[in-house]
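Let's take a look around this structure together. Have the sequence at hand and follow along.

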Protein chains: 2
Amino acid sequence: MTTKSATIRDVAREAKVSVASVSRVLNGTGGVTPATQKIVREVAARLHYVPDNAARSLITGRTNTIGAVLPDLYGEFFSELIRGIDLAARARGLHLLVSSSHDGVEDAAAAVRAMRGRVDGMLILSEYVDAAFLEENLPEKLPAVLLDSPVKSERYPVLNIDSRAGAVAIVRHLIETGRQHVAFITGPKNNFDAQQREKGYRAAMAKHAPGVPLAIVAGDFSEESGYRAARELLARKERPQAVFAANDMMAIGCLYAFKEAGVDVPGDIALAGFDDILIARYVTPPLSTVQVRIADLGRIALERLAAMLDPADKTPASVQTLGCDVVIRGSCGGKPGADAAPREPRRSRRPSRT
Amino acid sequence: MTTKSATIRDVAREAKVSVASVSRVLNGTGGVTPATQKIVREVAARLHYVPDNAARSLITGRTNTIGAVLPDLYGEFFSELIRGIDLAARARGLHLLVSSSHDGVEDAAAAVRAMRGRVDGMLILSEYVDAAFLEENLPEKLPAVLLDSPVKSERYPVLNIDSRAGAVAIVRHLIETGRQHVAFITGPKNNFDAQQREKGYRAAMAKHAPGVPLAIVAGDFSEESGYRAARELLARKERPQAVFAANDMMAIGCLYAFKEAGVDVPGDIALAGFDDILIARYVTPPLSTVQVRIADLGRIALERLAAMLDPADKTPASVQTLGCDVVIRGSCGGKPGADAAPREPRRSRRPSRT
DNA sequence: ACTCGCCATGAAAACGTTTACGTTTGCGCC
DNA sequence: GGCGCAAACGTAAACGTTTTCATGGCGAGT
C-alpha cells in the first residue's frame with residue numbers, strides 16, 4: 001500500500017487505539033485488555049509492522065547491541081573468538097557489531113568512537129588500547145571488557161589467557177622428556193600473549209634446565225617467520241633438541257623447514273606450538289601444543305559484559321585469567337604412532353559448511 | 001563534569017552558536033564561516049562530543065550499517081566470508097552487524113526482522129531463504145544481496161559460486177589421469193552448493209566416463225561423515241579408483257580412513273575435495289581441491305549491496321556466478337613429491353594472530 | 001545611497017518510539 | 001445511588017539529531 005513501512009501510528013490508527021497502547025502490547029508491558037491486545041497484534045501483523053530500532057534506541061538509551069573491536073578477522077583465533085561471542089550474545093538477545101582490521105592507534109580510536117550510540121557495551125582486543133586510550137575514547141558510562149591486555153583498570157574488567165602458565169607447562173614437558181636445549185620462537189613484539197609466552201619459556205628454562213643457554217629467535221606469528229626461524233636454528237653450530245614456537249602457525253613453518261632439511265620430528269628435534277588451531281592435528285606428525293578455549297574466551301567476555309549492562313551490577317572490575325591445557329601429540333614424541341588416525345573429536349556440533 | 005555525555009546542544013551552547021551550525025560543521029555541509037568552524041570544533045573536542053548514532057539514524061533514515069545473516073560462524077568458509085565483507089565494508093565506511101547461528105526458517109526470519117531499522121541493507125546466506133521468505137520478512141525497500149542461493153528474483157541480486165563447473169573440472173581431471181571409477185561424497189541435502197557439486201560430478205561422469213556406474217555416498221560436510229563414507233566405500237566389493245568429496249573436510253575424513261585402512265593415497269585411491277581450506281595443503285599428502293576465493297565472494301557481495309544503497313542505482317538484479325580454480329596437489333597424484341615443502345604462499349598479508 | 005542578492009546563522013519541525021502522567025471507565029462497597 | 005479505587009487507555013513530552021525555512025547582515029552594483 002504505502003511505500004514507506006508502517007509506523008506505530010499507522011498501527012494505532014488502524015486498530016483505533018493510541019500509540020501508547022500499541023507500544024504496551026508489543027513490549028509486553030502490562031495494562032492492556034486481552035481484547036485490545038488481540039486487535040493490536042492482528043493489525044500489526046497485517047501491516048508487517050516492525051518497530052524502528054533507531055527510534056527505540058533514542059528514547060530508551062539501549063541498543064541491545066554490543067560491539068566487538070578486533071585487530072583483524074583473519075585466522076582461526078579471531079574466527080573462534082567471534083563465534084564464542086556471537087553464540088553468547090545471541091543467547092542473551094544481543095546483537096553483535098564487529099569492527100576489525102584496525103592497524104594503528106588512530107584506527108582503533110576511530111573504531112571505538114564510531115560505535116558511540118550504536119552499542120550498549122564493547123569488547124575490545126587491541127594492542128593499542130591502554131588506560132589513557134579508554135579514558136580518551138570511551139564514552140563516560142559505556143561498559144567495556146578488555147581481552148588479552150596488560151592494562152589494569154578499576155573500571156574495565158580484563159580477560160586474559162594464561163599464556164605464561166601454558167608456556168611453562170609445555171616447556172617443562174619438553175625438558176622432562178629429555179630435551180634440555182629448548183629454543184623459543186617469539187611472537188610480535190607488542191603482542192601481550194607473545195610476551196607472556198616468552199616469560200613462561202624463560203621461567204621454565206630457569207627452573208627446570210638451569211644453566212642451559214637460552215636460544216631465542218624472533219618471529220611474528222606467521223608461518224613464514226616460523227620457517228625462517230627454523231632455518232636459522234638449523235644453521236647454528238649447536239642445534240636445539242626441541243623448539244617451542246609462540247604459536248602454532250610458526251611451529252608449522254618450522255615443521256616444514258625441518259622436513260625440507262631432512263630433520264626428523266620428533267626424533268632429531270621435538271616441536272611444540274601454542275593455540276591448538278585446527279591444523280595442528282592434521283599435520284604430520286601432529287603438533288603438540290597448548291590448547292586455549294578461544295570460543296570460551298569470547299563467551300566469558302561477553303557474559304561479563306552482559307552483566308555490566310545491568311545498572312544494578314556492582315561487581316568490581318577484575319583481571320580474570322583463563323587456563324589452558326597442554327596437548328601432547330606426535331611432534332614432541334609424546335605419543336608413539338601419533339601419525340595415524342587423528343580421530344580426536346574437535347567438538348561435537350552439527351555439521352558445518354567447512 | 002556532567003555524568004551524561006555531551007549532546008549537540010551542549011556544544012552549541014558552549015560555542016555560542018545554534019545546534020544547526022554545529023551540525024553543519026561536523027557534517028562538513030557547507031555554509032559556515034571558518035572562524036565559527038574553528039570554535040565549534042574546539043568545543044566539540046573539549047567536550048568529547050560524539051554524535052549519537054541513534055538520533056542521527058532516526059532522522060536521516062540511514063545507519064551506515066549493513067547486516068550479514070549467516071547460518072553459522074564456524075569454520076574457515078564463514079570466517080573468510082566475513083573477513084571479505086568486513087574489509088569491503090570498512091573501505092566504504094560501513095559498519096557490519098552480524099547475525100549468525102540460525103537453525104531453521106523461524107530463526108532466520110527473526111534474524112532478518114531484528115535488523116529492521118538497524119541496517120541499510122543485508123547480505124543473506126541461508127538455505128531457508130526463498131522469494132516468499134523475502135517478501136514476507138524484508139521491509140519493502142531494504143536492499144539485500146543473496147549468497148549461494150538458487151532463488152531468482154528481479155528484486156534481489158544473487159551471488160553464487162560456480163560449484164558445478166568446479167566439480168566438473170576436478171572430476172574430469174581425475175578421469176583424465178586414469179581413474180574411471182570416481183566416487184562422490186555428497187554434502188547436506190539442502191545445501192545449494194552441495195547440490196551443484198553433485199550435478200557437476202554427474203555431468204562430468206556422463207561426459208568423460210560414460211557407462212561407468214556412479215558411486216555416491218551421503219555426507220554432511222563434516223569430517224566425521226567423510227570418514228564414514230570412506231569406510232563404506234572401502235567395504236564395497238568394487239572399490240573406486242578415486243573419491244571426490246563435496247568439501248575438503250570430508251575429503252580429510254576420507255584421507256584418515258584410508259590411512260587407517262592402509263590404503264595409499266594417491267597410489268591406491270586418488271582423492272579430491274572442494275573449497276581449498278587452509279588445512280588442505282597441510283595434510284599428507286596435500287589435498288587436491290577446488291579453490292573458491294571466499295573473501296572475494298564476500299567483497300563482491302558487499303560491493304553490490306553498497307551500490308544498491310545509492311538510490312540512483314538502477315542496475316537490475318541479476319545472478320552472478322564466481323568461477324573457481326582447480327588446485328592439483330599430491331592427493332590425486334598430480335604432483336609427484338608433493339608431500340614436502342608446501343610453501344605455496346597462501347596470500348600475502350601482514351602476520352596475524354593465528 | 002539604495003536595493004538586490006547571497007551567505008552565514010538561527011528557530012523550529014520532523015524522525016518513531018517509550019513513558020510519565022492524566023483521564024476515563026467499570027465495579028464493588030457502603 | 002454515590003463514592004472511591006484500580007485498571008485501561010490516551011496525551012504529550014522527551015530522546016538527539018538533520019534539515020527546511022526564515023531572518024539578518026553585508027557587500028556589490030547601479
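## A helix tucked inside

Keep in mind that this is a predicted model. Start with α8(B): ten of its 14 residues are buried, so the rest of the structure largely encloses this helix. The buried ones are B:Ser163, B:Arg164, B:Gly166, B:Ala167, B:Val168, B:Ile170, B:Val171, B:His173, B:Leu174 and B:Ile175.

The helix runs over residues 163-176 of chain B, and from its first C-alpha to its last it reaches 20 Å, close to the 20 Å expected at 1.5 Å a residue. After α8(B) comes B:Gly178, with a positive phi near 105°.

## The nonpolar core

Now for the largest nonpolar core, which has 192 residues. Which of them touch the most other members? They are A:Leu123, A:Cys254, B:Leu123 and B:Cys254.

Zoom in on B:Cys254. Leaving aside residues up to four places away in sequence, B:Cys254 touches B:Gly226, B:Tyr227, B:Ala229, B:Ala230, B:Val243, B:Ala245 and B:Leu271.

## Where the two chains meet

Chain B puts 64 residues into the contact, and chain A puts in 63 residues. On the chain B side, the elements that each supply at least two residues are α4 (53-60), α5 (76-91), β2 (95-99), α6 (105-114) and α11 (248-260). The largest share, nine residues, comes from α5(B). Sorted by type, that side of chain B has 29 nonpolar, 18 polar and 17 charged residues.

Strands join in too: β2 of chain A (residues 95-99) pairs with β2(B) in the antiparallel sense, over three bridges. In one of these bridges, A:Val98 has B:Leu96 as its partner.

Methods. Residues are numbered from 1 along each chain as its sequence is written. Chains are lettered from A and ligands numbered from 1 in the order in which they are written. This is a predicted model: local features need pLDDT of at least 70, side-chain atom pairs count only at pLDDT 80 or more; totals for chains, interfaces and linings use all residues. Helices (H or I, at least four residues) and strands (E, at least two) are DSSP runs, numbered from the N terminus. The expected span of a helix is 1.5 Å times one less than its number of residues. A residue is buried if 20 or more other C-beta atoms lie within 10 Å of its own, exposed if 12 or fewer, and partly exposed in between; C-beta atoms are placed from the backbone. A nonpolar core is a set of buried Ala, Val, Leu, Ile, Met, Phe, Trp, Tyr and Cys residues joined through C-beta atoms within 7 Å. Two residues are in contact if their C-beta atoms, placed from the backbone, lie within 7 Å. Ala, Val, Leu, Ile, Met, Phe, Trp, Tyr, Cys and Pro count as nonpolar, Asp, Glu, Lys and Arg as charged, and the others, Gly among them, as polar. Two strands pair if DSSP finds at least two bridges between them.
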